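Keep the sequence and the 3D view open as you read.

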Amino acid sequence: MTLAQHYQQHLSVDSVLDKVAKHYPDGPTFFQLAPLDQLHIGGIKASARLIGLLDPHTHPRVLDIGAGAGGLMRQAADAGFEMLGLDITHGFNRLNQGLSQLAGLEHRAHCITADALNLPLADASMDAVLFQHSFLNMPDSASVLHECHRVLRPEGRLVMHEVVRGPHANTMHYPVPWASDARHSHLESADQLRQQLEQAGYHIDHFVDWSDDALAWRQRQRDKECQQSRQAALSPQLVFGERFITMGKNLVSNLSKGAISVVEVGARVG
Ligand SMILES: C[S@@+](CC[C@H](N)C(=O)[O-])C[C@H]1O[C@@H](n2cnc3c(N)ncnc32)[C@H](O)[C@@H]1O
């Protein structure tokens with residue numbers, strides 16, 4: 001199974017867009033879309049923290065690599081950034097674009113289908129690059145960081161909200177939202193990630209482990225999802241299908257046993 005198949009096998013883009021349009025005839029807000037389009041631990045709050053590491057006045061043009069359904073993109077567009085989302089999963093780009101149209105944000109949030117290893121962008125063309133739970137899918141992550149360095153302008157910024165390998169990685173359970181099994185999960189330890197960033201020419205100015213917050217958030221979400229999954233208008237199940245219940249439980253178990261950790265990183269091109 002390819003990575004794109006993992007993500008889109010239960011996704012019917014047209015029926016999801018239809019459902020959103022019927023439920024929010026005046027257009028959804030990014031808060032209303034969050035259960036569907038913020039496909040990472042920490043939801044809308046985590047995205048706000050990550051966006052807060054950037055300034056729309058100094059770093060307006062942002063490339064979101066692995067943008068998924070685009071929740072962070074619309075949130076950042078609303079905060080004044082010019083967002084370009086790039087994702088290898090074409091179905092997600094169609095969903096992302098459709099949601100931006102329904103939300104009336106299509107002029108400030110564009111997306112393209114491409115691989116992070118070969119960015120279809122000119123040298124020094126972006127002010128910032130962002131990863132949110134997408135670096136974790138990339139086997140050749142060192143090359144991806146070099147490719148990002150190429151498209152970033154001098155003093156450009158790279159920010160990340162990522163899952164890394166925890167101290168007890170051997171207790172890892174699948175499926176998780178980013179991988180059905182170990183084949184598509186490429187987690188590094190926090191120390192390896194730091195090293196890789198430095199070797200690729202970035203100066204790290206922010207590196208925070210927020211696994212404890214992540215666990216508390218995920219436990220609250222899991223309780224909500226178990227109670228509401230069948231009645232809720234929008235939920236991660238619209239993307240992942242019913243397997244998301246198991247994925248959500250495994251996330252809690254992996255976080256609480258230390259199989260994974262969650263970090264937030266800010267760095268700049270030297
Ligand atoms: C777990 S989802 C996260 C989506 C989104 N960032 C979010 O937090 O809601 C990971 C995303 O990264 C994308 N992705 C993984 N590897 C990629 C690559 N090499 N190039 C571009 N996108 C990639 C996947 O298709 C998927 O949409």
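Ala46 is buried, at a relative accessible area of 2%; buried here means under 20%, exposed means over 50%, and partly exposed is in between, all with a 1.4 Å probe and protein chains only. You'll find Ala46 in helix α4, residues 43-51. Helices (H or I, at least four residues) and strands (E, at least two) are DSSP runs, numbered from the N terminus. Along the chain, Ala46 and Ala214 are 168 residues apart, yet their C-alpha atoms are separated by 8.9 Å.

This is a predicted model, in which local features need pLDDT of at least 70 and side-chain atom pairs count only at pLDDT 80 or more, while totals for chains, interfaces and linings use all residues. Residues are numbered from 1 along each chain as its sequence is written, and side-chain values use heavy atoms, with hydrogens and water left out.

## Around the ligand

How many residues surround the ligand? There are 22, and the closest are Leu39, His40, Gly66, Asp87 and Thr89; a residue counts as near if one of its heavy atoms lies within 4 Å. By class, that shell holds 10 nonpolar, nine polar and three charged residues.

Now for the polar contacts, meaning pairs of N or O atoms within 3.5 Å. The side chain of His40 has an N or O atom 2.6 Å from an oxygen atom of the ligand. Asp87 puts a polar side-chain atom 2.5 Å from a ligand oxygen atom. Gln132 uses its backbone instead: a polar atom there is 2.8 Å from a nitrogen atom of the ligand. Taken alone, the ligand exposes 600 Å², and the protein buries 96% of that; these areas come from the Shrake-Rupley method with a 1.4 Å probe.

Helix α5 (residues 71-78) is largely enclosed by the rest of the structure, because seven of its eight residues are buried. Those buried residues are Gly71, Leu72, Met73, Arg74, Gln75, Ala76 and Ala77. Just after α5 comes Gly80, with a positive phi of about 105 degrees.

β2 is mostly covered too, with five of its six residues buried. Its partner is strand β1 (residues 61-65): the two run parallel and are joined by five bridges. Strands pair if DSSP finds at least two bridges between them. In this pairing, Ile65 stands opposite Leu86 in β2.

## Cysteines

A disulfide is a covalent bond between the sulfur atoms of two cysteines. The cut-off used is a pair of cysteine sulfur atoms within 2.5 Å, and a search of the whole structure finds zero disulfides.

Most residues other than glycine have a negative phi, and most peptide bonds are trans. Which residues does the cis peptide bond join? Tyr174 and Pro175, with omega of about 0 degrees. Pro175 sits in the loop between β5 (152-165) and α8 (190-199).

Ala124 is not a glycine, but has a positive phi of about 50 degrees. Look for Ala124 in the loop between β3 (109-113) and β4 (126-132), where it is partly exposed at a relative accessible area of 38%. Glu155 is another non-glycine residue with a positive phi, near 70 degrees. Glu155 belongs to strand β5 and is partly exposed, at 46% relative accessibility.

## Asp191 on α8

Is Asp191 buried or exposed? Asp191 counts as exposed, at 55% relative accessibility. This residue is in helix α8. Asp191 and Arg165 are 26 residues apart in sequence and 9.7 Å apart in space, going C-alpha to C-alpha.

Note on methods. Polar contact = N/O pair within 3.5 Å; in protein donor to acceptor, adjacent residues only side chain to side chain. Nonpolar A, V, L, I, M, F, W, Y, C, P; charged D, E, K, R; others polar.
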